Amino acid sequence: MSLADLHRIKHDMYETKINKDLVLREKLAIERTVMANQRTLLSFLRTSLYFSIAGLSISELLVFKYATVVVVVFFIISFLLLIAGVATYLSQKKKIANSRKQVGGNIDTEET
């Protein structure tokens, strides 16, 4: 075995290690993205609930001419936020699934 062969073998081993590290980093980045997507959905849900609670509070605490209209507006905003959150979550989930395919197939963890 010549010195050039040893150098080539060492180089191939180094390249294999770098490729494995890159794939691992990509998989971990995707997992962080999945968790960020879930946090975003929960944020939309929380905001939607806040608007619902505000609508209920206004109807119980305040009495004025257009109170019913204000309550209905709060509930409509709440519903729209909930729909927007679910739509965003599902859209991003699809994009993340496509990224998983590009990185190297399925990741060993559960897909949410």
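**Close-up views of a predicted model**

**View 1. A nonpolar patch on the surface.** L42, L45, L49, Y50, I53, L82, V86 and L90 form this surface patch, with about 730 Å² of accessible area together. This is a predicted model: local features need pLDDT of at least 70, side-chain atom pairs count only at pLDDT 80 or more, and totals for chains, interfaces and linings use all residues. Residues are numbered from 1 along each chain as its sequence is written, and side-chain values use heavy atoms, with hydrogens and water left out. Patch members have over 30% relative accessible area and no salt bridge; nonpolar side chains (Val, Leu, Ile, Met, Phe, Trp, Tyr) are joined within 5 Å. A salt bridge puts a side-chain nitrogen of Lys or Arg within 4 Å of a carboxyl oxygen of Asp or Glu. Areas come from the Shrake-Rupley method with a 1.4 Å probe, and for residues only the protein chains shown count as cover.

**View 2. The helices behind the patch.** α1 (3-61) and α2 (67-103) each supply at least two patch residues. The largest share, 5 residues, comes from α1. Helices are DSSP runs (H or I, at least four residues), numbered from the N terminus.

**View 3. L42 in helix α1**. L42 is exposed (over 50% relative accessible area), at 52%.

**View 4. S52 in helix α1**. S52 is buried (under 20%), at 17% relative accessibility. Leaving out residues up to four places away in sequence, S52 touches F75 and S78. Contact means heavy atoms within 4.5 Å.

**View 5. I58 in helix α1**. I58 counts as buried at 16% relative accessibility. Beyond four places in sequence, I58 touches F64, V70, V71 and F74. I58 and F74 are 16 residues apart in sequence and 9.5 Å apart in space, C-alpha to C-alpha.

Notes. Patch = residues over 30% accessible without salt bridge, like charges linked within 9 Å, V, L, I, M, F, W, Y side chains within 5 Å. Buried < 20%, exposed > 50% of the residue type's maximum accessible area, 1.4 Å probe, protein only.
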